Amino acid sequence: MLNLRTCAAKLRPLTASQTVKTISQHRPAAPRTFQQIRCYSAPVAAEPFLSGTSSNYVEEMYYAWLENPKSVHKSWDIFFRNANAGAAPGTAYQSPPPLSTSLSTLSQAQFLVQAQPNVDKLVEDHLAVQSLIRAYQVRGHHIAKLDPLGISCVNFDDAPVTVSPNVDLAVFKERLRVLTVGGFYGLDESDLDKVFHLPTTTFIGGNESALPLREIIRRLEMAYCQHIGVEFMFINDLEQCQWIRQKFETPGIMQFTNEEKRTLLARLVRSTRFEEFLHRKWSSEKRFGLEGCEVLIPALKTIIDKSSEKGVDYVIMGMPHRGRLNVLANVIRKELEQIFCQFDSKLEAADEGSGDVKYHLGMYHRRINRVTDRNITLSLVANPSHLEAADPVVQGKTKAEQFYCGDTEGKKVMSILLHGDAAFAGQGIVYETFHLSDLPSYTTHGTVHVVVNNQIGFTTDPRMARSSPYPTDVARVVNAPIFHVNADDPEAVVYVCNVAAEWRSTFHKDVVVDLVCYRRNGHNEMDEPMFTQPLMYKQIRKQKPVLQKYAELLISQGVVNQPEYEEEIAKYDKICEEAHARSKDEKILHIKHWLDSPWPGFFTLDGQPRSMTCPSTGLNEEDLTHIGQVASSVPVEDFTIHGGLSRILKTRGEMVKNRTVDWALAEYMAFGSLLKEGIHIRLSGQDVERGTFSHRHHVLHDQNVDKRTCIPMNHLWPNQAPYTVCNSSLSEYGVLGFELGFAMASPNALVLWEAQFGDFHNTAQCIIDQFICPGQAKWVRQNGIVLLLPHGMEGMGPEHSSARPERFLQMCNDDPDVFPKLDDFDVRQLYDCNWIVVNCSTPANFFHVLRRQILLPFRKPLIIFTPKSLLRHPEARSSFDDMLPGTHFLRVIPDGGPAAQSPEQVKRVLFCTGKVYYDLTRERKARQMEADVAITRVEQLSPFPFDLLQREAQKYPAAELVWCQEEHKNQGYYDYVKPRLRTTINRAKPVWYAGREPAAAPATGNKKTHLTELQRLLDTAFNLDAFKDLA
Ligand SMILES: Cc1ncc(C[n+]2csc(CCOP(=O)(O)OP(=O)(O)O)c2C)c(N)n1
Ligand SMILES: [Mg+2]
C-alpha cells in the first residue's frame, strides 16, 4: 500500500505550469516555433478536450501533422486545418471518419474506434495513455529499483515500488484512483485491454504502432522501473531524447550473448578477488576498497571497449581514492607487483621529492584492447586527497592531447571522470568543470562520468550531505543524461555503460552513470561503520556479494558451470600470488614509474634534463621589428576595427619605430618569437583576449560584421605554431586546473593563466596548493604553467590590490638560512626549486622571463606578479637594446645611477621589487638623494638570488640595508626576503623595513588613506635617521 502510494505520487500528472515548462524545454527551436503553436492554441483553447495534460498529446499530434498531415489520424488532420484556418473556439473539431485498416492485424481491433461510438472518449483515452507514457519517461526513475540494499536513501517520498511485470492493474489502479486527483488519467479497468495508438515519442511498440494498455504499462515498467532509472526528459534536444528512449524502450534491447556474460563474470572475478587478495595479505592497511561496488571494473572496461570500438585510442581518467588500486590493476593494467610492493613499508624511495601515498599516484599505459584488438592508451591522472580537484586537470590534459593530435571533435581522445556520491554533490568544482564542457576552447567533446554512489560519504548520510534528490543533479545543468543503475545487476550496469559510451561518441556531450551501490566496510578498512550507520550496515552484512549472485545466475542459466567458475577464480588468485612473490624482489620504489604524462624525448632516458644551461633569451632586431609591426596592424583585408583601437595600434607602431616596447608589446614579442620556434602558446583566463586593463587586444573585432574576429598573432610567420587566446568562464578553480592539465601534456607549449586581478587566484587555491606548488615533489611530474597575477597597491581597495605574494613565497622550498653552494645560480637554482616567483619592473625583463620559461631544459611553474598602472607608465618602457641577442633575464637590477658610481658614499640601499621602484626613484629625485641612496630591484624573488644580492650588499659597505615594499608588513615579501638577505651578509647587519604597517586587509578602501600611507612609507625609506634609535 505504501509503495503504491509512492508510485502514485510519482506518476501524478504534471500541473499546467509544469507542462508548459517541460514542453518548452524539449522542443526544438526551428522550424517548429512557438508561433506555430499559438496559431492553433488561441482559437482552440475552448475545445472541450484540451485541458491540462491533454495538451501534451495534442501538441505531439500537431507537430506530427505539421511535418506530414497524413501521419496523423484524419480527425486530427481536419481539426488542425480548421484551427489553422481560424475556426471559432469550439468549432474546429469534427467527428472523424472511420479509421483506416492499418491496425487490422491486431486481434483486439474490436476495441478500436470503429467499434467506438464515443469519439470524445477515444481522444481522452489516447491523451491519457500519452500522459501515462510521458509520466514513465519523466518519473519512472523515481520508482525504479535502484538501491541494492532496498533501503533507498534517495530523498523521495519512500522506498521503491515493486510492480510485477505482469501488471495487475486492478489493484494498481484501485490505489491510484484513491490517491490521484481524477484517477489514473481517467483510465479505468475496462481500458486495460483496449488497444491504443502509440505516439511517436515512444519506442515500446517495437514494430507495432498500437498496443493494449496492459502491454503498454508492462513495457514501460520494464523500460523505466526495473534496475535502470533513466533521467533525461529535461534535455532540450528532441533528437537526443528520442535516441535515449529508443535505447531503453525498444523491446528486448538489453540482450547479452553467453560470451558477453562470461566476460562480465571474469571481470567481476578479477575485481572481487583483487580486493580479497589485498585484504588477506594486508588486512590492516588502508586501501579504500571497492567492496560493494565491484561492478565498477566491468563498468569502466565496458566504456573503454565501446569507445575503442568507436575509434577512441586514448582515454584519460581521473578518480578519487575508492577502488583506485583496483582500477590501476584491472583497468589500466599496472603490473601487480608494482602495486603490491607499495604495501611494503620498508621500501626506499628512489626519486627525489616527498612522494605520495599509493592511492594517489597516476599511471600511463599503452596496450592492445583485447575486445577490439586496437591499440589503446590509458592514463590515470595523479590526484591529491582533495576530492574532485583533479576534474578540471583531467579535462585540460584531455583537451591538450586532442589538440596535439588534431582531434578537433574528440573522436580519438576522451576523458572518464569517477566520483564519489558525497563529493560529486558537495564540491563546487564539479559544477565549474561541467560548465567548461561546451565552451569552444575548453570542450573535450563529452566526458563519461561514473559515480560510485555507495550512499554514504565517510560517516554522513545523503540526507545530511545534499539537498538534491540524487547526487548527480548537478549534471542536469549541461543537459547530460543521467543513467542510475542498481550496481547489483551487472548486466544492467554494462548495458548503461555501453549506452553512455555510445551517447558520447554520437553527441559528444557529457553523460553520467550513477552506480547505486553500497560500501561493505567502513570508509577505509580500519573504520567501524556500525558506530554511525547501524541499520544500513545490518542490511549490508546480509547482502550477498555481487559476484556470488551473478555467478549463481549464470550457473542457473547454464552459461557457466561451477568448476569453470572456480577455475576462473583460482586462475586470478594464482596471478596475484605470483605477482606478490615477485614484488618481494623490489627493493626501491620508483615514483617515476607512476607518471601520468611522460614527455618522450624531453629528458634523457634516466629522466634528467638534456643540459644544464639556458641559451640567451634575446631576439634579433629583425624579428622584434616584424612582430612589432604585426602587433600594430590589422593583417587581414576589409576589416574595420574600432577607432579607439586604431589609435592604440598607431601608438604601438610608433613605439616600434622608436625601438621601444611597453608591457603589452613585450608580451607580444615573447609570444610571437616562441610561436616562430614552434612553441604553442595558450593564454586563458577571464577577459584575457582584450586584457582586463584593455592593454592587450589580441583579438580584433570587425565593427561591421558580427563575430568576425582576427588574431594578428596567428599571422606572424609562415609555419608558426598556433596561438590560442581564450576568454574563460568565470571560474578560477576550474580554469586554472584546466590549464594546469593542458600544460601537463607537453613541455613544448607555453600555457598561461591570467587572473582578472591577482586576489582572485585564491578561489583556485586548491590547484595551487595541491598541484602547482608540490606537484613535482609528490609525483615527479614537472609542469611549466605560468600564472599572471595582476598586483599592486593603487588605491583600489582591499580587493583588486594584492595577489598575495606572501603566500606564494611562503611555499617556496629554498632554505632562508643557507647560502646555496652552487657554481651556476642562473640555471641550477631554478632546477632545484619548486616554482619560480618573479615581479618584473621592466617590459624587457617580462619578455625574457617568458622566453626563459621555454628555453630552460626543464619545466617549473612560474608565478608572475604583473602590473596594472605600469602598463601605461611612461617610464615602464624598454628599448629593443635590452632584448637583443646576448641579453637575458635579470634576476636583480642594480642601481645604475650616481649611487653606483660612488658606492662607498652610499648611506642606504633600498631593496625593493615591482612597481614601488618607480615611486622610490621619483621620491629620491625629488629629494635629490641619488648619491645617498641606492635602489636595487629584486626581479626574481624565488629562488632567491643570494649570489647577486650578496654582491649588491658588499658593493655598499657603509650603507644601511632596507627592504622597502608598498604592501603591509605582514604581507608582501618582507618575511621571505629578510632572513635570506641576512644570510647573504652573514647576518652582519640588520635589514630594516620601510613599508605599510601590519594589517588584516590587504589595502585600505579609502583613497586618501592610501596616499597618506604611501607618503609615509616613502618618508621612512628616505629618512636616513629612521632606524637610528633601533640600531
Ligand atoms: C575536498 C575534500 N574534503 C574532505 C575530504 C575528506 N574526505 C575523504 S573521503 C570523504 C568522503 C567521501 O565520500 P564520497 O565522495 O561519497 O566517496 P566514498 O568514500 O563514499 O567512495 C571525505 C569527506 C577530502 N578528501 N576532500
Ligand atoms: Mg560515497
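Q: Where do Glu215 and Arg218 lie in relation to each other in helix α8?
A: In this predicted model, Glu215 and Arg218 are three residues apart in helix α8 (residues 213–224), and are therefore separated by about one helical turn.

Q: What joins Glu215 to Arg218?
A: Side chains of opposite charge can pair when their charged atoms come close. Here Glu215 forms a salt bridge with Arg218, and the closest N and O atoms are 3.1 Å apart. Arg218 itself is partly exposed, with a relative accessible area of 28%.

Q: How many salt bridges does the structure hold, and which residue pairs with Lys306?
A: The structure holds 55 salt bridges. In one of them Lys306 pairs with Glu309, with 3.5 Å between the closest N and O atoms; both residues lie in helix α11 (residues 296–309), three residues apart, which is about one turn of the helix. Lys306 counts as buried, at 14% relative accessibility.

Q: Where do Lys571 and Glu568 lie, and are they buried or partly exposed?
A: These two residues both belong to helix α21 (residues 562–583), where they are three residues apart, about one turn of the helix, and their side chains meet in a salt bridge at 3.9 Å, N to O. Lys571 counts as partly exposed at 48% relative accessibility, and Glu568 counts as partly exposed at 24%. Salt bridges can also share partners, as where Lys121, Asp125, Asp191 and Lys194 are joined into one network.

Q: How should I read an aromatic pair, and how many does a search of the whole structure find?
A: The reading rests on the distance between ring centres and the angle between planes, with planes under 30 degrees apart counting as stacked, those over 60 as edge-to-face and the rest as tilted. A search of the whole structure finds 35 aromatic pairs. Among them, Phe808 and Trp835 form a tilted pair, 5.5 Å centre to centre with 45° between the planes. Phe808 lies in helix α28 (residues 805–810) and Trp835 in the loop between α29 (825–832) and β20 (836–838), so the pair ties together parts that are 27 residues apart in sequence. Phe808 is buried, with a relative accessible area of 1%, and Trp835 is buried as well, at 0%.

Q: Is the pair of Phe819 and Phe825 edge-to-face or stacked?
A: Their ring centres are 6.1 Å apart and their planes stand at 65°, so this pair is edge-to-face. Phe819 counts as partly exposed at 25% relative accessibility, whereas Phe825 is buried at 7%. Elsewhere, ring pairs link Phe274, Phe277, Trp282, Phe340 and Phe343 into a cluster.

Q: Which rings does Arg682 lie over?
A: The charged end of Arg682 sits over the ring of Tyr442, 5.1 Å from its centre, and Arg682 also lies over the face of Phe742, at 4.7 Å from the ring centre.

Q: Which residues are the protein donors of the magnesium ion (ligand 2)?
A: The protein donors are Asp421 (OD), Asn454 (OD1) and Ile456 (O), lying 2.0 Å from the ion, and along the chain the donors follow the spacing D-x32-N-x1-I. Asp421 lies in helix α15 (residues 421–426) and Ile456 in the loop between β9 (447–453) and α17 (462–465), so the pair ties together parts that are 35 residues apart in sequence. Asp421 counts as buried at 3% relative accessibility, and Ile456 likewise counts as buried at 3%.

Terms used:
Residues are numbered from 1 along each chain as its sequence is written. Chains are lettered from A and ligands numbered from 1 in the order in which they are written. This is a predicted model: local features need pLDDT of at least 70, side-chain atom pairs count only at pLDDT 80 or more; totals for chains, interfaces and linings use all residues. Side-chain values use heavy atoms; hydrogens and water are left out. Rings of Phe, Tyr and Trp (its six-membered ring) pair if their centres lie within 6.5 Å; planes under 30 degrees apart count as stacked, over 60 as edge-to-face and the rest as tilted. Helices (H or I, at least four residues) and strands (E, at least two) are DSSP runs, numbered from the N terminus. Buried means under 20% relative accessible area, exposed over 50%, partly exposed in between (1.4 Å probe, protein chains only). A charge sits over a ring if NZ of Lys or CZ of Arg is within 6 Å of the ring centre and within 35 degrees of the ring normal. Donors are N, O and S atoms within 2.8 Å of the metal (3.2 Å for Na, K and Ca); water is not among the atoms, so sites may look incomplete. A salt bridge is a side-chain nitrogen of Lys or Arg within 4 Å of a carboxyl oxygen of Asp or Glu.
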